[in-house]
Amino acid sequence: MKTIEIKEVTKLYGTQKALDGVGFTIDKGEIVGLLGPNGAGKSTLMKIITSFITPDSGTVFINGTDVLEDDIETRKQIGYLPENNPLYPDMYVREYLAFVLKVYKTPFDVKQRVEEMIALTGLTPESHKKIGALSKGYRQRVGLAQALIHDPEILILDEPTSGLDPNQLVDIRNIISEFGKQKTIILSTHIMQEVEAVCDRVVIIHKGKLVADDKTDNLWKIAGTGNYYEVEFKETVEINLLQSLPFVLKASRQSNGKWLLEAEKGEDIREAVFNFATKNGVHILSLSQSEQRMEDVFHSLTAGSM
């Protein structure tokens with residue numbers, strides 16, 4: 001049995017289709033990155049999975065249970081951190097987390113479980129404060145703690161690292177990775193490095209439709225875009241000359257004489273670059289092939305939507 005089954009889900013807002021026949025499944029232990037441009041339908045899909053809104057057609061199953069038939073039971077199995085992270089600013093951190101845990105009516109010792117979540121999410125230095133007095137980053141940690149506190153089998157995280165500094169980013173990514181070993185996680189984010197660092201698999205939605213669903217390492221094949229080469233010249237080089245080289249699709253100036261060259265898929269342009277340098281009397285300081293970046297794959301699959 002799949003942990004999450006999404007079958008032909010469609011959602012309309014007036015005449016606009018926020019989701020158009022979206023369907024995929026997720027196994028236990030998978031960390032799935034849910035990507036797409038703004039307005040692609042990601043948040044709508046997450047709200048349907050958590051039964052906050054209902055689809056116009058299609059079905060979502062959580063461990064075999066239809067969310068429309070038993071939304072109370074399916075919600076117990078899900079920890080949800082929405083993008084806007086609604087919290088009670090007048091409540092103290094411990095007070096709020098205890099309140100959330102009591103709502104779920106779990107067998108946990110409330111005080112002990114609250115302290116465990118505070119330690120796990122790095123809230124200890126600010127745990128004595130009211131939520132309204134916390135920085136955005138610490139509020140995000142409170143949101144993550146409330147999503148985890150009832151020990152759900154499924155985590156749905158919408159921009160969980162929003163507002164965090166680089167050190168906090170690493171901490172939260174480690175928490176997500178650790179929980180992903182035993183739980184099912186859907187992670188929606190615009191930070192492509194986060195997807196590469198954390199996710200086993202990526203689902204991309206574009207204009208309400210599913211446009212990609214594969215292991216993270218396989219997305220390069222799906223995108224079908226070219227190879228990338230980083231080259232540094234000692235002298236100034238004209239962009240039009242680089243873009244006229246055989247099999248070069250695009251040349252982008254980086255900094256200090258460095259260029260990023262995109263070549264056609266399967267083509268090795270290193271010899272052409274060396275010949276160009278010899279012919280034009282310029283010196284190559286470095287030349288290396290670069291792995292395609294997640295940003296490039298995302299752009300290739302959703303081009304024209306921004």
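**Entry 1: V114 and helix 4**

I started with V114, which lies in helix 4, residues 110-120. A reminder to myself that this is a predicted model. Is V114 buried or exposed? I looked up its relative accessible area and got 4%, so V114 is buried, the cut-off being under 20%.

Next I asked what V114 is in contact with, leaving aside its neighbours within four places in sequence. The list I got is R94, L97, A98 and I149.

I also checked V114 against D66. The two are 48 residues apart in sequence, and their C-alpha atoms are 31 Å apart in space.

Then I went through the rest of the helix. The buried residues of helix 4 are R113, V114, M117 and I118. Looking down the axis of helix 4, I find these buried residues within an arc of 140°, so they line one face of the helix.

What does the buried side of helix 4 pack against? I find helix 3 and helix 5, the latter spanning 136-148. On the face turned away from the buried side, helix 4 carries the exposed residues K111 and A119. G122 follows helix 4, and I read a positive phi near 70° for G122.

**Entry 2: helix 10**

I looked up its relative accessibility, and at 38% N280 counts as partly exposed.

Just after helix 10 comes G281, with a positive phi of about 65°.

Having noted the two glycines, I looked at residues of other kinds. S51 is not a glycine, yet its phi is positive, near 60°. Where does S51 lie? I place S51 in the loop between helix 1 and strand 4, the strand being 57-62. With a relative accessible area of 11%, S51 is buried.

F247 is another non-glycine with a positive phi, about 70° here. F247 lies in the loop between helix 9 (239-243) and strand 12 (248-253). Buried or partly exposed, I asked of F247? At 39% relative accessibility, F247 counts as partly exposed.

**Entry 3: the largest pocket**

Now for empty space. Rolling a probe the size of a water molecule over the atoms shows where such space is left. The largest pocket holds about 760 Å³.

How many residues line the largest pocket? I get 23, and those nearest its centre are F52, Y80, P82, Y104 and Q146. By class, the lining has 13 nonpolar, five polar and five charged residues.

I checked which elements contribute. Helix 1 (42-49), helix 2 (71-76), strand 6 (78-81) and helix 3 (93-104) each supply at least two residues of the lining. Which element gives the largest share? That is helix 3, with five residues. Helix 3 had already come up in my first entry, where the buried residues of helix 4 pack against it.

**Entry 4: the whole chain**

I ended with the overall figures. The protein chain has eleven helices and 14 strands. Its C-alpha atoms fill a box of roughly 75 × 45 × 35 Å along the principal axes. The chain has 306 residues, and 48% of them count as buried.

For contacts with a separation of 6 or more, I find that 68% come from residues 24 or more positions apart. The accessible surface of the chain comes to about 15,100 Å², and carbon and sulfur atoms account for 48% of that surface.

Notes: Residues numbered from 1 in each chain as written. Predicted model: local features only at pLDDT ≥ 70, side-chain atom pairs only at ≥ 80, totals over all residues. Heavy atoms only, no water. 1 Å grid on protein atoms, 1.4 Å probe; cavity = no way out; pocket = protein on both sides within 12 Å on 5 of 7 lines; lining within 4 Å. Points joined across faces, edges and corners; volume = space filled by probe spheres on them. Helix = DSSP H or I, 4+ residues; strand = E, 2+ residues; numbered from the N terminus. Nonpolar A, V, L, I, M, F, W, Y, C, P; charged D, E, K, R; others polar. Buried < 20%, exposed > 50% of the residue type's maximum accessible area, 1.4 Å probe, protein only. Contact = heavy atoms within 4.5 Å. Areas by Shrake-Rupley, 256 points an atom, 1.4 Å probe, with all protein chains shown as cover. Arc of directions from axis to C-beta.
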